[in-house]
Amino acid sequence: MQAPLRPRRRPDDAAAAAPATARSTLATSRPAGVALAFTVGLSFAAAAALYLATLAPTVTFEDSGELIAAAYGLGVPHEPGYPLWTMIAHLFTRLPIGNVAYRVNLMSALCTALAAALVAWTTLLVVDECVAGGLPRARGVGGRHGEVARAAGAPPTVASAWLPALTGSALWLAGGTAVAAGVLTATAATTWSQAIITEVYGLNAALVALLLLLTVVWTRAATPRARARLFYAVSFVLGLGLTAHDTFVVLLPTLALYGFVIERRLRPSWRQLAVGAGLFLAGLLPYLYLPLAASRHPVMSWGNAVTWTNFWRVVTRHQYVTSGHSGLGTTLAEFGTSVSLLAHQWVAALLALAVVGLVALACRQRALFWFALVYLVLTWPVITVIADFPTNTSDAFLNADDRALASVFYIPSYLLLALLIALGAWWLTTLALRRLGHHGGLAVALAVVIAVVPIGLAVARAPGITMHRYRFADAYIHNVLSVAAPHSLVMVDRDQFGFPLVYAQDVEGLRPDVVVLDQELLRRSWYLQDLARLHPELIAGSRAQVDAFLSAVRPFEAGQAYNGADIDKAYYGMIRSFVDRYERAGRDVYFTYAPDQRLVQGYAGESVVAALEARRNDPGKGRAAVAAWLTPLDLSQFDFAHLTDGTVPLDRNVLLIRDWYGRLLAARAQLLDRAGQTVPAARMEALARQFVTPGYSSGEQ
């Protein structure tokens with residue numbers, strides 16, 4: 001007689017049908033929860049400790065000064081405005097610790113440490129998935145996976161998607177692997193360098209890591225309802241991530257391919273798609289900060305995003321859009337640069353383990369393998385094409401500059417590569433344990449080794465990355481402002497050297513009498529509008545020249561046909577008008593770079609060591625005349641600490657500044673020699689020889 005078929009149990013009824021199994025699953029989840037907390041906590045603590053030990057104590061070059069000023073005054077930094085970062089950073093500026101720059105540097109450190117912890121969590125779950133996919137276990141290594149428990153009738157729970165189901169020595173091995181992934185995430189060279197200064201990439205890394213975690217949990221979710229909730233979370237974070245950094249856009253097709261094509265059981269319904277779209281738009285809400293902040297007219301208001309046109313230009317990085325792509329040859333060279341950057345992130349041999357990690361996914365979790373592959377393609381070669389930073393020009397400094405600019409765009413790819421490297425180490429270890437037939441004790445020991453090795457490598461590498469004694473931007477601020485006469489005009493030409501002065505004036509309140517103009521930003525109408533508000537007398541005195549330039553540049557900004565020669569002529573005429581007006585009023589004008597001759601035709605240049613002063617009168621030929629013409633200076637008033645002693649690592653910006661100082665010192669030495677002051681001339685000439693850096697085009701700074 002045939003037994004009657006038992007009715008199929010609903011998942012919600014499973015707990016009542018199998019109470020003993022449910023209690024067993026609950027008991028198993030407790031050590032898993034403890035292991036998860038320990039793994040994530042240790043990863044965060046290790047990353048935070050490394051960052052705090054190497055954190056810059058104050059403002060640095062590049063975007064640091066401008067970003068801090070925007071956060072401090074709730075303004076708008078450079079395109080695309082970084083609204084989420086700015087609002088969070090403003091909270092850090094209020095911390096009662098250190099100077100304002102240190103507080104925002106601290107935000108970078110904590111955000112990137114959080115990214116490391118989230119990658120560790122993700123790695124723990126990926127290892128758990130690989131075990132569920134049938135990875136062979138060594139004798140005494142392993143425990144029952146949650147899928148096995150669920151097959152026996154255990155109820156699927158929300159926690160089961162977030163917690164590993166491994167137990168015993170297998171959990172130890174997975175935990176060690178996860179810690180390794182977290183530390184590798186934190187200590188990729190580029191990631192580390194951005195985590196110890198004020199930059200936007202720490203927050204971006206944390207959101208990317210959160211998205212990776214949500215994707216894996218989404219994959220593991222046992223019920224349609226849980227999968228729907230995780231789809232909503234993924235949708236919201238995708239939108240929110242775009243307000244942190246626009247490179248988040250490449251993760252949209254990554255997740256779309258994964259959820260709709262690769263892992264079709266995750267495909268949402270039309271209703272869920274509608275809710276997800278709404279949550280994605282909700283994630284974009286921080287963009288509303290940009291027009292609201294700009295309407296307050298803060299000191300730092302890049303792009304003046306008070307109109308729809310200006311808002312859209314800021315969000316779409318209109319200022320950085322080029323006329324076309326550089327071409328296949330340049331793209332291949334840029335991709336070669338990206339490969340060399342990758343080899344620099346960790347000990348190069350570790351990258352072979354990333355390949356092993358991909359093989360492990362291909363063998364045991366095919367869906368996650370395809371996700372990883374698509375993710376790497378979009379965050380590496382595709383980003384290379386989108387970023388399009390030429391790094392193979394004939395100018396060594398520009399190559400180094402573009403190489404550094406390009407490097408930060410690959411941080412999202414380094415997060416997944418760190419996971420894959422750790423996964424590769426885990427795969428090889430597990431296979432070795434299976435072959436050796438050892439018991440759990442060896443697995444635990446190897447778990448500790450896997451976790452400790454990346455920490456040891458990081459400690460060994462720290463002296464070449466640390467910025468805990470990096471005060472070169474502070475010294476630059478001091479040197480420039482110490483030679484600037486009261487109510488003078490200081491011209492800067494590169495963001496990385498203008499932004500420290502922005503920080504000095506707008507945050508620290510130093511030398512408000514000095515007007516600092518960024519020559520490159522003078523090409524933008526919004527910058528001139530800001531100057532009319534902040535320095536009305538400057539613009540009013542050159543109103544005709546400013547209007548002529550605005551009229552010439554208007555078609556270019558509107559995307560219409562324009563005359564480049566007319567723009568150029570009006571642009572230099574406007575700046576020359578600023579210089580002439582200051583000189584006629586008896587106020588000094590300084591250039592922190594070698595100016596175009598169209599700006600200083602008819603002027604004599606006096607090196608004042610930290611800048612070049614434009615002067616109407618010539619020094620003459622006699623010793624007495626030259627001596628009387630020279631501005632009195634003392635070398636002791638300048639801060640040149642650690643520029644030549646090798647005790648603090650010098651980045652490309654410091655090398656450029658040092659070279660600029662060297663050339664100005666040499667020029668000053670010649671003037672002193674003409675004045676018959678041979679002893680100070682010899683001292684300056686000797687110092688100049690130490691400072692000049694061959695291959696750096698500081699003459700074009």
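**Reading a predicted model: sheet, helix, cavity and backbone**

Strand β1 (residues 489-492) runs parallel to strand β3 (residues 589-591), and three bridges join the pair. The model is predicted: local features need pLDDT of at least 70, side-chain atom pairs count only at pLDDT 80 or more, and totals for chains, interfaces and linings use all residues. Residues are numbered from 1 along each chain as its sequence is written, and side-chain values use heavy atoms, with hydrogens and water left out.

Q: What do the labels for strands and helices stand for, and when do two strands pair?
A: Helices (H or I, at least four residues) and strands (E, at least two) are DSSP runs, numbered from the N terminus. Two strands pair if DSSP finds at least two bridges between them. Here, L489 has V589 in β3 as its bridge partner.

Q: In what order do the five strands of the open sheet lie?
A: In a regular strand the side chains alternate between the two faces of the sheet. The order here is β2-β1-β3-β5-β4, with mixed pairing. β2 (515-518) and β4 (604-607) are the edge strands, each pairing on one side only.

Q: In which sense do β4 and β5 pair?
A: β4 pairs with strand β5 (residues 612-615) in the antiparallel sense, over four bridges. E606 stands opposite E613 in β5. Four residues lie between the strands of this hairpin, where V609 has a positive phi near 75°.

Q: How many residues has helix α28, and what span does it reach?
A: An α-helix has 3.6 residues a turn, so residues three or four places apart point the same way. The expected span is 1.5 Å times one less than the number of residues. Helix α28 (residues 564-584) has 21 residues and reaches 30 Å from its first C-alpha to its last, close to the 30 Å expected. Just after α28, G586 takes a positive phi of about 80°.

Q: Which element gives the most to the lining of the largest cavity?
A: α18 does, with three residues. The lining includes L368, F371 and A372.

Q: Which peptide bond is cis, and which residue has a positive phi although it is not a glycine?
A: Most residues other than glycine have a negative phi, and most peptide bonds are trans. The bond from E79 to P80 is cis, with omega near 10°. P80 sits in the loop between α3 (64-72) and α4 (83-93). N304 has a positive phi of about 45°.

Notes:
On a 1 Å grid over the protein atoms alone, a cavity is a set of points where a 1.4 Å probe fits but cannot get out, and a pocket is an open set with protein on both sides within 12 Å along at least five of seven lines; lining residues have an atom within 4 Å of a point.
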